[in-house]
There are 2 protein chains.
Amino acid sequence: MEDRAPASIKQFEERLIDVSESLPKRLRQCADYVAANKDRIAVSTVAEMAEGAGVQPSAFMRFCRILGFSGFSEMQRLFRESYAGGWPDYSTRLKHLREKAEGSASALLGEFVDAGRASLENLLKTIDPKTLDDAVEALAKAQMIHIIGLRRSFPVASYISYAFEKMNVPAMLHSGVGGLDNHNAIRTGDVLLAVTFSPYSAETVDMVEAVSARGIPVVALTDTIVSPLRKFETITLSVSEVDFGAFRSLSATLCLAIVLSVAVGTKRSE
Amino acid sequence: MEDRAPASIKQFEERLIDVSESLPKRLRQCADYVAANKDRIAVSTVAEMAEGAGVQPSAFMRFCRILGFSGFSEMQRLFRESYAGGWPDYSTRLKHLREKAEGSASALLGEFVDAGRASLENLLKTIDPKTLDDAVEALAKAQMIHIIGLRRSFPVASYISYAFEKMNVPAMLHSGVGGLDNHNAIRTGDVLLAVTFSPYSAETVDMVEAVSARGIPVVALTDTIVSPLRKFETITLSVSEVDFGAFRSLSATLCLAIVLSVAVGTKRSE
DNA sequence: TGAAATTTGGAATATATGTTCTATTTTGCT
DNA sequence: AGCAAAATAGAACATATATTCCAAATTTCA
């Protein structure tokens, strides 16, 4: 459609960036999906690529032509030919990375990726399905969900807050901006979702104590079972995250946070 | 022909060795060629493989059956699936899951854990070490690091902000609380770290545009290479993450965020 | 050496996959 | 709001590719 077809992956990428500024909806989806899944082009059919991008095969075809190819086959040929023999698998790649790049940013990346994967794997083993269901049910029944999580837990709390908003779940994030803590906003019929990790911030623990004394249900997202929240009557989901140095990779925690949000959101919309 | 088809590359190799002792001439050629060119199976046609081995397509077909497959296609599927790493396609799987709405909380958890692990693995493949180093260096040299990331990117921005604070790196989080945007706080010698994902929030893009026009370096953390930040001169780290409708599992993104924070922190303290 | 069994080549067929076409929907503009 | 242009979905069509079949060639063994 435009000039000639890209002759290398590099040219292909340039072309993709070039073109994707001004693309209608469906074609944009193609561009996004392709950008994120270049490696699949070599081994997939148009139908698979189209489904992945969430469009019709014909739309994907148009996309190929906009990129300068005569069709999908020609585009695929480029990727098949440049496929030199596969990357090393994950574990060898990781090993390689650490050895040759000791102390560099890339080596760090390897470590954290590894830690994250281990944490996620561990999450599956440690989460009790029953407790998870209980938490979802409690939150789904709430008139309003109050979320608190400060300092290192704040990213998690703010993420949950965003997710709830998107799913039309009434929720309020207690961020303590300006030193205002709106304890009184929490009313009978509401539920508190508290997120806290060692070292546990006092404000969060205080809030849980106060609220739980009033008989309001509390769902807690915390590390290990010895957290200070344990002494109150809470539904406790504990996540043990693999640390690297002093830094906590939040992979597992955020994963659980999404699950909780989505599960609550879908349950409420039923 | 024989018993059942190999279910993994490992099994495939064992089977190949097993069988190749007692093979007639043409089939032996197939075995030899395949052993030396396993990687081509994923991206070739029977005709191509047959030609490579110096036999007729039909001979190659027989060879596939002797290995236990129903035909070439089945054998190829094995290699295609193991090639593309992150199979099956999580975004479509999750889409189906939501459509069928049969996702119990635990099932959801499984899906998201898988998705997170795939995203992390993918991160290793897509991040360019050179770009990562450049980003670390730019940030390490900054007098002050300004962080912006709104809406869905806010958890990431706030996490980075927390990490920098803990490492005594001068940083300022532009959260837009109260509608105040402190553009003027950004001065020569500073660096902007912008986090944004589709749909890209206008405020972030605007800030990048304004700041980059003033010649201030910008490091961008974004998804795919086609994000709107691309048109400015930024050091772009792109992360492709599996998402669930409007929800992004931030595993890979946060992992990169930690790496960036820690690398910058240690570099500055040297 | 000759008959039976096995292996092979190549054409015929079935199937999967890519591509095109057009009615319908959406978008952009006055 | 109404019109023209662009974009899209889905089915129809064309092509590439896998698979099967069988006659011819080769091997095996008495």
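Start by selecting A5(A), which is partly exposed, with a relative accessible area of 24%. That value lies between the 20% below which a residue counts as buried and the 50% above which a residue counts as exposed. Keep in mind that this is a predicted model.

Stay on A5(A). The residue sits in the segment before α1 (9–20) of chain A. Which residues does A5(A) touch, leaving aside its neighbours within four places in sequence? Select Q11(A), G68(A), F69(A) and E74(A): these are its contacts.

Colour the strands of chain A in the order β2-β1-β3-β4-β5. These 5 strands make an open sheet with parallel pairing. Where are the edges? Pick β2 (171–174) and β5 (234–238) of chain A. Each has a single partner strand, so one side of each is left without a neighbour in the sheet. Look along the sheet for the twist, which averages 20 degrees from one strand to the next.

Strand β4 (residues 218–222) of chain A pairs with β5(A) in the parallel sense, over 5 bridges. Select T222(A): its bridge partner in β5(A) is S238(A).

Last stop: helix α10 (residues 202–213) of chain A. What does helix α10 lie across? Show β1 (145–148), β2, β3 (191–196), β4 and β5 of chain A; the helix lies across these strands. Against β3(A), helix α10 runs at about 155 degrees.

Methods. Residues are numbered from 1 along each chain as its sequence is written. Chains are lettered from A and ligands numbered from 1 in the order in which they are written. This is a predicted model: local features need pLDDT of at least 70, side-chain atom pairs count only at pLDDT 80 or more; totals for chains, interfaces and linings use all residues. Side-chain values use heavy atoms; hydrogens and water are left out. Two strands pair if DSSP finds at least two bridges between them. Helices (H or I, at least four residues) and strands (E, at least two) are DSSP runs, numbered from the N terminus. Axes are lines fitted to C-alpha atoms, for helices over the stretch in contact, and angles run from 0 to 180 degrees between N-to-C directions. Contact means heavy atoms within 4.5 Å. Buried means under 20% relative accessible area, exposed over 50%, partly exposed in between (1.4 Å probe, protein chains only).
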